[in-house]
Amino acid sequence: METCVPWLGCKEIADEVAVQNMLDWGGVKKIYRATWRGHTVAYSNLTRKHFPWRHFFLNDVAMLRTLQSPHVVQMVGSCNTTFLTEYHGLGSADKIEAVLAREQFSKFNNVRTRFNLAVSYLRAMHYLHNSPVGTRVLCDSNRLKKTLSQFLITEDLKLVLNDLDSVLEANPKSQLFIKCNFNKIEHKSDFSAPEQRRPFQNGRLNFSMLPSYNEKTDIWKIPTVVDYLLGKVNGSDVVRLNLFKVHRQCKNKDPKKRPSARILLKEYKRIRSMHFPN
C-alpha cells in the first residue's frame, strides 16, 4: 500500500473492511483476504483465545506496531483480537520454488534473483537483531519450512518478516537469555542450533538441563535457509562456494564464535558486488 493513512481502529475495521475467503490458518490465528477502500489486505483473527495463545497474538500485534520498517510487513490496523496487514499475493517464502516455476516469473528464476532474496532475508534478520526494542530472536523457527513461513514474498521478489508472535528479547550483556518452545525442537535434526536441542538422559527429557541461549541460534540457521533460497539454478554453486567460509563460521558449535548478522551482511554485500556489480 502506497497511501499513508493512520492505522485503522475498531470502528474503521467494523464499518469499512469486508472479509472474503480464508487464506491460511495456524495454531494461533486464521488469516483471510479482505478489502478496504479498494485495497486488498490480510485480515488475521485470533482463534484460540485462552493463555498462552492470546499472549502470542497480542505480542504479534505489539511487535508489528513497534518494528515497522522495510523489513517487516506493513501494518494496516488492529482491534482487540483482529489485525490487518498489507496483502502479498505470492504467499510465504516456503512457496518460493512454486512461485519461480510460474510462467510469468520464469525469467526471474536465476541466481541474481535468488541471491537478492537471500540478502533481503539476511537484512530482516539483521534488523531483528538490532531492532529499536533490543536484540530479538525468531523463536518460531525450529524447522526449515517453518522458518521460511515466517516471511512473505513481496511483488518485487524480496522477503519481509510477517509472523512476529514468538519474537523474544535476548541481551547477553544483561544476562538476558531465552528458551524457545523446546517441545517443537527436533533434537535429532541439525537445523536448530546445538544449544537448542533437547537434553536427554536415558531416553527421557531432563528439564533441569534445558539450556538458555541468544540470537546466535538464528545465525546457525542462516546457511541452511540461504542454501534453500539459492536453489539449483546456474551459478548458485559458485555463490555457495564464495559463502562457504562465512557459513562454516555460522555452524560453529560455540555460539560465541559465530559471526553477527552485521558481519554476515557485510560479507554478503561484498559477494554481491563481486558477482552482480550492477
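A salt bridge is a side-chain nitrogen of Lys or Arg within 4 Å of a carboxyl oxygen of Asp or Glu. By this rule the chain of this predicted model holds twelve salt bridges.

**Figure 1. K29, D60 and D163 are linked in a network of salt bridges.** The side chains of K29 and D60 meet in a salt bridge, with 3.3 Å from N to O. This pair links distant parts of the chain, since K29 lies in strand β2 and D60 in helix α2, 31 residues apart. K29 counts as buried at 9% relative accessibility, and D60 counts as buried at 1%.

Figure 2. The closest N and O atoms of R270 and E267 are 2.7 Å apart. R270 is partly exposed, with a relative accessible area of 41%.

**Figure 3. K216 of helix α6 is buried yet has no salt bridge.** The nearest side chain of opposite charge belongs to E215, 5.3 Å away, and therefore falls outside the 4 Å limit for a salt bridge. Leaving aside neighbours within four places in sequence, K216 is in contact with E195, P255, K256, R258, P259 and S260.

**Figure 4. Helices α6 (residues 216-230) and α7 (residues 236-250) pack against each other.** Their axes are 10 Å apart and form an angle of about 170 degrees. The two helices are therefore roughly antiparallel to each other. Residues I219, W220, P223, V226, D227 and L230 in α6 meet S236, V239, R240, L243, H247 and C250 in α7.

**Figure 5. Five strands form an open antiparallel sheet in the order β1-β2-β3-β5-β4.** The edge strands, β1 (17-25) and β4 (75-79), each pair on one side only. Neighbouring strands of this sheet are turned by 25 degrees against each other on average, direction ignored. Strand β3 (residues 39-46) is joined to strand β5 (residues 82-86) by five bridges, and the bridge partner of A42 in β5 is T85. Helix α2 (residues 53-66) lies across β2, β3, β4 and β5, running at about 40 degrees to β5.

Methods:
Residues are numbered from 1 along each chain as its sequence is written. This is a predicted model: local features need pLDDT of at least 70, side-chain atom pairs count only at pLDDT 80 or more; totals for chains, interfaces and linings use all residues. Side-chain values use heavy atoms; hydrogens and water are left out. Two strands pair if DSSP finds at least two bridges between them. Helices (H or I, at least four residues) and strands (E, at least two) are DSSP runs, numbered from the N terminus. Axes are lines fitted to C-alpha atoms, for helices over the stretch in contact, and angles run from 0 to 180 degrees between N-to-C directions. Contact means heavy atoms within 4.5 Å. Buried means under 20% relative accessible area, exposed over 50%, partly exposed in between (1.4 Å probe, protein chains only). Lys and Arg count as positive and Asp and Glu as negative; His and the chain ends are not counted. Angles under 35 degrees count as roughly parallel, over 145 as roughly antiparallel, 65 to 115 as roughly perpendicular and the rest as oblique.
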